[in-house]
Amino acid sequence: AGCRDTYEWNQELSVTVATPSGEVSGSAVVHEKVWDGQLPASSSAVEYKISGEATMVDLGGGRYLFALLGGSEERAARTFPGKSGGSAGDHWKMIAALRESRPLPREAWPMLVTFGDVSDPKSVKEVNPKNLAASFGPGYSLKGMTLEITDEAVTTGEVEKVLGWIKNLQGRIKPIGATKPKNYTPTAEENIYSDAFIQGN
């Protein structure tokens with residue numbers, strides 16, 4: 001048979017952006033669940049499940065910045081590192097018991113995207129976190145991100161208010177197309193799937 005330990009917590013990712021009109025922020029709470037321990041016929045000793053949605057920052061004028069969900073569990077591990085020599089289970093248990101906020105380390109930053117037109121999923125564009133001005137214009141820059149382990153409820157419905165198509169779209173946000181050249185390498189945008197915006201809601 002085999003057994004695994006289960007750990008779970010809510011974490012809130014907040015993103016702050018400097019704009020010509022001042023700073024604006026957005027945040028979203030997701031639920032993280034971790035199963036730790038090898039099971040027969042399982043290829044991984046640790047498995048994860050996320051429920052929640054991407055963090056969204058309203059920049060005004062119909063423009064939004066999204067911090068995607070991918071690697072959410074890794075963000076908690078990197079932001080709240082365990083003690084040297086401790087087991088993985090001890091680390092997850094420590095995180096689940098925390099009620100703390102810390103700056104998100106640069107190596108744990110999520111992928112950032114925007115849309116030329118929020119009604120058109122194919123208009124998705126990756127945003128360089130070091131150069132928001134290239135996507136939004138002069139005066140825009142990323143001030144920082146924080147991660148908090150919290151008792152706040154999971155965020156639901158906010159992304160769908162802006163991306164009304166998101167729950168009806170399965171697979172890639174921006175399809176590759178059938179006429180791609182041989183040995184074609186998908187762009188970063190073509191590797192974004194709908195579950196980068198919403199999972200488990």
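Student: By class, how many nonpolar, polar and charged residues does the lining of the largest cavity have?

Tutor: This is a predicted model, in which local features need pLDDT of at least 70 and side-chain atom pairs count only at pLDDT 80 or more, while totals for chains, interfaces and linings use all residues. Residues are numbered from 1 along each chain as its sequence is written, and side-chain values use heavy atoms, leaving out hydrogens and water. A cavity is a set of points on a 1 Å grid over the protein atoms alone where a 1.4 Å probe fits but cannot get out, with lining residues having an atom within 4 Å of a point. The lining consists of 14 residues, among them Leu13, Val30, Thr55, Leu69 and Arg75, which lie nearest the centre, and by class it has eight nonpolar, three polar and three charged residues.

Student: Which element gives the largest share of the lining of the largest cavity?

Tutor: Elements are DSSP runs numbered from the N terminus, helices being H or I of at least four residues and strands E of at least two. β1, β2 (22–36) and α1 each supply at least two residues of this lining. The largest share, three residues, comes from β1.

Student: What is the volume of the largest cavity?

Tutor: A search of the whole structure finds one cavity of 30 Å³ or more. Its volume, taken as the space filled by probe spheres set on the grid points, is about 70 Å³.

Student: Is alanine 77 buried or exposed?

Tutor: Alanine 77 lies in helix α1 and, leaving aside its neighbours within four places in sequence, is in contact (heavy atoms within 4.5 Å) with His91, Trp92 and Ile95. Buried means under 20% relative accessible area, exposed over 50% and partly exposed in between, with a 1.4 Å probe and protein chains only. Because its relative accessible area is 16%, alanine 77 is buried.

Student: What phi does asparagine 183 have?

Tutor: Most residues other than glycine have a negative phi. Asparagine 183 is found in the loop between α4 (158–162) and β10 (198–199), where it is exposed, with a relative accessible area of 70%. Although it is not a glycine, asparagine 183 has a positive phi of about 60°.

Notes:
On a 1 Å grid over the protein atoms alone, a cavity is a set of points where a 1.4 Å probe fits but cannot get out, and a pocket is an open set with protein on both sides within 12 Å along at least five of seven lines; lining residues have an atom within 4 Å of a point. Ala, Val, Leu, Ile, Met, Phe, Trp, Tyr, Cys and Pro count as nonpolar, Asp, Glu, Lys and Arg as charged, and the others, Gly among them, as polar.
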